[in-house]
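Biologist: Please take one part of this model and go through its side chains closely. Give the cut-off for each term when you use it.

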Amino acid sequence: MRSVHFLPEVREYLDELETILYEKGYFSYEENSHKYVDELVYDIKFRLPLCFHKPAPKYFEKYGEGMYYATFKKNRQTTWYVFFRMYRHNDETTYQVRYIANNHTVAQHL
């Protein structure tokens, strides 16, 4: 069994992201920015356990040691990077999402 959990600060960031995307004009309607973030969260929850992942570079240790990252391409211009830790107990693997950023902000560190 696999489960994906988001740290509270990641959840807070995702909530703020809806407003930021709308206010900066990436979406004309608030509903569309809400839908975009909802779809991103859905993708992470259901696809992260199946995604290819790599060890996160040392730069990202400020968000936790022993992290991995996976990519989620949302459109031609934007790829989201999801940084997480994996915990295994018995037959269950838990993915703890510790940080999320896009190629516009962190690509230079990857």
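Modeller: The charged end of Lys-74 sits over the ring of Tyr-36, 5.6 Å from the ring centre. To count as sitting over a ring, NZ of Lys or CZ of Arg must be within 6 Å of the ring centre and within 35 degrees of the ring normal. This is a predicted model, in which local features need pLDDT of at least 70 and side-chain atom pairs count only at pLDDT 80 or more, while totals for chains, interfaces and linings use all residues. Residues are numbered from 1 along each chain as its sequence is written, and side-chain values use heavy atoms, with hydrogens and water left out.

Tyr-36 belongs to helix H2, and that helix is the part to look at. H2 covers residues 30-47. Helices (H or I, at least four residues) and strands (E, at least two) are DSSP runs, numbered from the N terminus. H2 has 18 residues and spans 25 Å from its first C-alpha to its last, close to the 26 Å expected at 1.5 Å a residue. The expected span is 1.5 Å times one less than the number of residues.

Start with the buried side. The buried residues of H2 are Ser-33, Tyr-36, Val-37, Leu-40, Val-41, Asp-43 and Ile-44. Seen down the axis of H2, these buried residues fall within an arc of 155°, so they line one face of the helix. The arc is taken from the directions that run from the helix axis to the C-beta atoms. Buried means under 20% relative accessible area, exposed means over 50%, and partly exposed lies in between (1.4 Å probe, protein chains only). On the face of H2 turned away from the buried side are the exposed residues Glu-31, Tyr-42 and Phe-46.

Next come the charged residues. A search of the whole structure finds four salt bridges. In a salt bridge, a side-chain nitrogen of Lys or Arg lies within 4 Å of a carboxyl oxygen of Asp or Glu. One of them joins Lys-35 to Glu-39, with the closest N and O atoms 3.9 Å apart. Lys-35 and Glu-39 are four residues apart in H2, which means that about one helical turn separates them. An α-helix has 3.6 residues a turn, so residues three or four places apart point the same way. Lys-35 is partly exposed at 49% relative accessible area, and Glu-39 is partly exposed at 35%.

Asp-43 and Arg-47 also meet in a salt bridge, at 3.9 Å from N to O. Asp-43 and Arg-47 are likewise four residues apart in H2, or about one helical turn. Asp-43 is buried, with a relative accessible area of 18%, whereas Arg-47 is partly exposed at 38%. Where does Lys-74 come in again? Salt bridges link Asp-43, Arg-47 and Lys-74 into a network. The residue over the ring of Tyr-36 is therefore also part of that network.

The structure holds 11 aromatic pairs. One of them is formed by Tyr-42 and Phe-46, a tilted pair with 4.5 Å from centre to centre and 40° between the planes. Rings of Phe, Tyr and Trp (its six-membered ring) pair if their centres lie within 6.5 Å; planes under 30 degrees apart count as stacked, over 60 as edge-to-face and the rest as tilted. Tyr-42 and Phe-46 are four residues apart in H2, about one helical turn. Tyr-42 is exposed, and so is Phe-46.

Phe-60 is buried at 1% relative accessible area, and Phe-83 is buried at 0%. Both residues belong to a cluster linked by ring pairs, which holds Tyr-59, Phe-60, Tyr-63, Tyr-69, Tyr-81, Phe-83 and Tyr-99.

What follows the helix? Pro-49 is found in the loop between H2 and S2. Pro-49 is buried, with a relative accessible area of 16%.
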